[in-house]
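Open your viewer and get ready to select as you read. Each stop says what to pick and what is there.

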Amino acid sequence: MTTRLYYQDSFLYDFDAEVREVLDSPRPAIVLDRTAFYPTSGGQVFDTGWITSNSNAKFRVTEVADTEDGKVVHYLEVLLHDSQKEDLKPGTRVRGQVDAARRRDHMQQHSGQHVLSAAFVCLYNMPTVSFHMADDYCSIDLDTPTLTKKQIESAERLANEIILENRAVDVRFVTRDEAGKLGLRKLPPTERDELRLIDIRDFDLTACGGTHVSHTGQIASILLRKVEKVRQGWRVEFVAGQRAVATARRDFTTLTETAALFSAHIYDVPQQARKALDEIRSLSKQREQSQEELAAALASALLAETSETNGRKLVVRTLADRDLNFVKLLAQKLTRLSTHAVAILATTSPQPALVFAQSAGQPFDMGALMKETMTRLGGRGGGSKDLAQGGIPTADGIDAALKAVAEKLAA
């Protein structure tokens, strides 16, 4: 088993170790006798950093993982050449260097989670059932049927009070039997004889193998973000430490830029956005009504100027400045205003498309006719016996295709 140096000191970034194994497949990796690199576990993601050989060859560590037999595997960025394998062969000494900025961020997030989870238990007896750490946010899932805005704000306030008090965060090891008598917030379902406890002085005690700060003040702050209902309760997203600062800065910049668009203060953005949405909905309804009126008027004009042939009016038209929705609406108006109309329509902008339609009771099959036309033009489409539509990649050949369809229907 690999000796895990971070168990005793989460602020240990540099260490010496001996190579025990070199793995070539499927990715280059090494196993050390001891390591300060944290592998993905318990919701916390892995450390990254570098491993330097005695010949000063430097290898980037891109991922760290556990094995079932207790080893820690350090995955390297590049494939190892023969000379590099010699630098890292079993028995050689190496120097490990953990990415300190990434480690500090992870300590802030994970320690922040302990404080936040304890706050929800302390105030509302809401236990945390899972923890997830992503690159830009973290989340906890709470086992509770309801979660109010007041409860969220109260838990956030208490968590930040504990941070401000700069309470000590101690690490100690106890037997499983001892742990069962200490009133842990959460006792893990493990068969290990010894448990590592994270003790936030007079506030939280729980078993955890992750990396943590030594005092709560090093978390700096906790900011709660999105809250959503999930299958097992409620999910609360949060950020801590420098992530909280970066997130707040990004939010402020976004609000400032949005407020400038409305020529308003950032606190007036919601009101201005609601006003703009109301105006958009009103204009959309007006546009729909105008489209209906225009399609009806155009349909009447087209029917009036089209003479009957073989007992039906065949309307063939290409519209260069109307979208597919309007062309389809026009086809519906044509076939409803007349009981013996056939519409062969097309649009060339913004996306070339065709619409074929006929009044109920007419003998043709618009769906079959559309598929035949699409095959000729290299497009895709289909529909029912009375109404069909299709899209084509370019407008080339539309006029010739409509003429061919019209001649076939008039024959």
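**Stop 1: a hairpin**

Select Val227 first, then look across to strand 15: its bridge partner there is Val236. This is a predicted model, in which local features need pLDDT of at least 70 and side-chain atom pairs count only at pLDDT 80 or more, while totals for chains, interfaces and linings use all residues. Residues are numbered from 1 along each chain as its sequence is written, and side-chain values use heavy atoms, with hydrogens and water left out.

Now select residues 222-230, which are strand 14, and residues 233-240, which are strand 15. They pair in the antiparallel sense over seven bridges. Two strands pair if DSSP finds at least two bridges between them. How many residues does the hairpin from strand 14 to strand 15 pass through? Two.

**Stop 2**

Select residues 49-53 for strand 5 and residues 58-66 for strand 6. They run antiparallel, joined by four bridges. Pick Thr52 and find its bridge partner in strand 6, Lys58.

Glu63 has Tyr75 as its bridge partner in strand 7. Here the hairpin has five residues between its strands. Click Gly70 in the turn: its phi is positive, about 90°.

**Stop 3: Asp199**

Select residues 194-200, strand 12, and pick out Asp199. Is Asp199 buried or exposed? It counts as buried, because its relative accessibility is 15%. Buried means under 20% relative accessible area, exposed over 50%, and partly exposed in between (1.4 Å probe, protein chains only).

What does Asp199 touch, leaving aside neighbours within four places in sequence? Show Ala168, Val169, Asp170 and Arg172, then Asp204 and Leu205: Asp199 is in contact with these. Contact means heavy atoms within 4.5 Å.

**Stop 4: the whole chain**

Zoom out and colour by secondary structure. The chain has nine helices and 20 strands. Helices (H or I, at least four residues) and strands (E, at least two) are DSSP runs, numbered from the N terminus. Of the 411 residues, 43% count as buried. Turn the model around: the C-alpha atoms fill a box of roughly 95 × 60 × 45 Å along the principal axes.
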